[in-house]
Amino acid sequence: ITIESMPGETCDLMRRHPAVYGPDNVTYCPDTAAAQAATGLDVAAAIASIETQLAGWPKAPTPAQRRRLAATFLAAGDPTSALVQWLQLPEAERVQGDGLDDALVQALRKRAASASEGTQIGAALAVRLGLQRVHPVDDHTGDNLRIDDMAGFEQAIRAAWASAPAECAAARELDTELRAAPDLLPLYRRTNSRDYQRLPMTCDFGRALRDTSPQGFGRQYVTGWDLRNLRMVANICATFRDRPGTRVLSIVGASHKPWFDGWLGQLQGVEVVDVEEFLAGE
């Protein structure tokens, strides 16, 4: 299961090189300071520890092993995988210890109550399947645009959005209505449909490509988006490269789907399965 979150190693890279990636992109990254203080592990050491723990992971891990791995995932900048371990603990074992202090326990409880798709779908399904982790695959190392005239850039992109046809506003209104419904299945059916996949170009990126600013702001914006998707697709591929034949569920914002379907479909040995056939059933 892959989710639209930043991997810890990517966040660590960006923090180490603010001159390259900019100081603002790390806002997409979780704060690992509390977990580092509790475990004594920085991100690199935590990632190495995770690999060691999972390599020798038993079929029936003890609660102490799950708590330790959860704490290590938090230190590695992968809080959703930490939640996967936490939720597989019996209620009575969801306590401090083995690297989890009170602050980290409270953070896990707060995340468990989150409405994010990474928690409610990704982590929940991983627990149901008995998986030990999810895989964050987001990437902002390619869309760190160096814009000298940020006000001009924002004006150009907002103007592109404002030029979108009326169907775009109608689509947003329907999406908002479906998000507020108690049953989200109609929303998932809609956003995964073939007709919906043309909207990102019709309402956003295609409009930006028509921008006529001398700086080419629209093309810069689209190129950043393309690079983000390319690197996300590469990250997805890295999750299954040594496991031929495995099945992957990729949970991501609907605007990414056309790019994911196209580029994943070009990878050798990869079959993109249309999720509509699964969403069609009750």
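Trainee: What share of the 282 residues of the protein counts as buried?
Mentor: In this predicted model, 40% of them do. The cut-off is a relative accessible area under 20%.

Trainee: Why is H256 called buried?
Mentor: Its relative accessible area is 2%, and buried means under 20%, so H256 is buried.

Trainee: Where is H256, and what is it in contact with, leaving aside neighbours within four places in sequence?
Mentor: H256 sits in the loop between β3 (250–251) and α14 (257–264). With those neighbours set aside, H256 has contacts with E4, W225, R228, N229 and M232. Contact here takes heavy atoms within 4.5 Å.

Trainee: How do you know that the span of helix α5 agrees with its 13 residues?
Mentor: Take 1.5 Å times one less than the number of residues. For residues 63–75 that should give 18 Å, and the end C-alpha atoms are 18 Å apart, so the two agree.

Trainee: Which residues of α5 are buried, and what covers them?
Mentor: The buried ones are R66, R67, L69, A70, A71, T72, F73, L74 and A75. Their cover includes α3 (33–39), α4 (43–55), α6 (79–87) and α7 (102–112). After α5 comes G77, with a positive phi near 80°.

Trainee: What makes the radius of gyration of the protein agree with a compact globule?
Mentor: A compact globule with 282 residues would have a value near 19 Å; the protein has 20 Å, so that agrees. As for its box, the C-alpha atoms fill roughly 60 × 50 × 40 Å along the principal axes.

Trainee: How many helices and strands are there in the protein?
Mentor: The protein has 15 helices and three strands.

Definitions and conventions. Residues numbered from 1 in each chain as written. Predicted model: local features only at pLDDT ≥ 70, side-chain atom pairs only at ≥ 80, totals over all residues. Heavy atoms only, no water. Helix = DSSP H or I, 4+ residues; strand = E, 2+ residues; numbered from the N terminus. Buried < 20%, exposed > 50% of the residue type's maximum accessible area, 1.4 Å probe, protein only. Rg over C-alpha atoms; globule rule 2.2 N^0.38 Å.
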